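Subject: Structure handover

Hello,

Here is the structure I said I would pass on. Please open it alongside this email, as the notes below follow it.

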Amino acid sequence: MQERYADTRIERIWSNEELLLGWQTVEKALIQARFNLKLMPEVDFRAIMEALDSTPPNVDCWKDWDNRLHHDLNAALKERMRFIPGDLQRWYHSGITSYDTEEAAMLRKIIMAIEIYEAEVVELLGVIKSQALKYRYTPMMGVTHGQWADPQSFGKRLACWHQELQMGLTLLRELKLKLIYSKMSGFVGNYTEITPEIEKEALRILGFKPYYGATQIVPRTLYVPVASTIGMMSKTIANIAMTIRLGARSASVLYHEPFGKQQTGSTAGPHKRNTINDEKAGGMDIMITKYIEMIIACCGTWEERDIAHSSVERNAWPDLFHASIHQAKVMTKMIGGLVVYPKNMMLEIVKTNGCYAANVAKEQLKEWGESYGLSAADCYKIFQLAAFNLSCPIQDEDIGNDPGLMDATLRSIEQEDCSGHARRNIQYHISLGELEPSGVLDITDETIKVWNTKLRAIFDSVEVNERWDEVFSLKYLLRNEAKIFEEVFPEPEAHEEYVPGA
């Protein structure tokens with residue numbers, strides 16, 4: 001992995017030093033098993049263990065042997081045998097093949113790497129939770145299909161991210177507990193030179209259990225769920241990053257990722273605050289996806305064994321963890337330092353011209369409209385027409401065709417009174433019966449006239465108007481978010497009572 005994205009802990013786990021120590025650990029477990037089962041003299045056992053413990057593996061010597069033998073495990077055996085007396089060498093790597101040594105050693109690496117990744121995700125979850133509680137009552141527009149939908153709190157959006165990532169972490173932890181199967185059953189897994197009892201005891205010492213049915217290797221399908229779950233969590237993080245990127249666009253900035261005081265955004269544009277961390281998180285997801293594809297592709301093997309998966313696993317597994325850990329770190333930094341603009345979020349709600357409550361208000365109008373002959377379809381069309389009356393941009397094709405109008409139009413728009421625009425709201429447009437014809441919708445003038453008459457009759461009531469005001473209030477629309485916070489963050493501080501204006 002390139003140094004920019006590498007994690008030193010993962011580098012250490014997959015270093016040559018740890019590779020040789022890992023293989024030696026497995027070989028020592030096999031010797032320990034034979035001794036525990038009273039299959040070798042204690043004096044031999046003590047002599048071998050002392051020789052191995054007093055002389056750490058030498059990487060340079062191992063590399064020298066590997067260059068000659070073109071077999072790294074055999075090279076490791078040569079390097080270790082140097083220190084074991086000749087009459088005791090028969091006990092070392094006895095009755096097993098290379099992958100009997102390598103399987104358990106690789107599994108131990110994967111488990112150690114998972115634990116490092118877990119810790120990074122836990123830190124990310126803590127940051128997301130903190131921000132979710134901080135912005136528990138910060139309203140913003142929910143968006144579907146790139147269009148305004150219902151309002152929500154920014155805290156709720158963060159809570160959704162927390163829940164999805166937490167479920168991924170829970171699944172990963174469950175899968176880690178199932179990484180207990182390895183093998184030490186010989187050339188093709190049928191115990192020709194080693195007994196099932198020795199295998200079971202050796203794996204027990206290492207913390208594993210035998211996989212009965214192994215060939216020369218255990219099926220690679222045992223490892224795929226772990227890789228796939230890490231990939232799923234990467235998709236969650238990438239989706240968070242994409243959402244923040246969308247909210248950081250220049251046209252309507254809802255939040256910015258952290259920006260250093262000496263940071264530059266673009267070589268060409270000094271005004272820019274590029275979303276480099278969010279974009280990086282998305283790029284890491286692409287890498288992670290490809291590493292997982294490589295791991296999945298290694299599930300097939302020619303009969304009892306071929307070596308195709310070996311080179312892939314040596315690269316795909318460590319790089320998968322490098323990329324995943326880096327991605328989690330980037331997102332932790334980004335969420336923790338996120339610069340949020342609550343006023344802009346509120347302005348976006350204002351810009352909807354009241355459409356933020358259209359979904360709920362429509363249902364309320366259906367209830368009232370029954371007594372006045374308004375069908376459910378009529379109510380839907382009334383809201384659609386009101387929204388189009390107030391929200392559709394005015395078309396002016398001349399601006400695009402006349403270069404002389406460009407600057408004049410820009411200055412005119414700059415001087416436009418936005419407060420007047422804010423008062424155009426479907427809440428009043430409907431309650432006052434002020435629906436107008438629309439060239440976009442196929443609704444006759446006569447139908448609109450009938451609707452306006454009925455609407456004025458419906459809203460000729462203090463009680464109805466008071467209820468109408470409530471339906472358009474954010475406190476009412478967000479009232480049930482409390483359940484989300486109770487479930488996602490069960491601690492009391494996560495769902496304190498809402499105090500208006502607090």
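A cavity here is a set of grid points where a 1.4 Å probe fits but cannot get out, and its volume is the space filled by probe spheres set on those points. Please keep in mind that this is a predicted model.

Cavities. Two cavities of 30 Å³ or more are present in the structure. The volume of the largest cavity is about 60 Å³. Which helices each supply at least two residues of its lining? They are α2 (16-36) and α5 (72-81). Helix α5 gives the largest share, five residues. Among the lining residues are L20, W23, Y92 and T101. By type, the lining of the largest cavity has six nonpolar, two polar and three charged residues.

Helix α14. This helix covers residues 376-391, which makes 16 residues. From its first C-alpha to its last it reaches 22 Å, close to the 22 Å expected at 1.5 Å a residue. Its buried residues are C379, I382, F383, Q384, L385, A386, A387, N389 and L390. The elements covering these buried residues include α13 (358-369), α18 (426-431), α19 (445-458) and α20 (462-471).

Residue E481. This residue lies in helix α22 (residues 481-488). Is E481 buried or exposed? E481 has a relative accessible area of 7%, so it counts as buried, the cut-off being under 20%. Leaving aside residues up to four places away in sequence, E481 touches R136, Q152, S153 and K156.

Regards

Conventions
Residues are numbered from 1 along each chain as its sequence is written. This is a predicted model: local features need pLDDT of at least 70, side-chain atom pairs count only at pLDDT 80 or more; totals for chains, interfaces and linings use all residues. Side-chain values use heavy atoms; hydrogens and water are left out. On a 1 Å grid over the protein atoms alone, a cavity is a set of points where a 1.4 Å probe fits but cannot get out, and a pocket is an open set with protein on both sides within 12 Å along at least five of seven lines; lining residues have an atom within 4 Å of a point. Helices (H or I, at least four residues) and strands (E, at least two) are DSSP runs, numbered from the N terminus. Ala, Val, Leu, Ile, Met, Phe, Trp, Tyr, Cys and Pro count as nonpolar, Asp, Glu, Lys and Arg as charged, and the others, Gly among them, as polar. The expected span of a helix is 1.5 Å times one less than its number of residues. Buried means under 20% relative accessible area, exposed over 50%, partly exposed in between (1.4 Å probe, protein chains only). Contact means heavy atoms within 4.5 Å.
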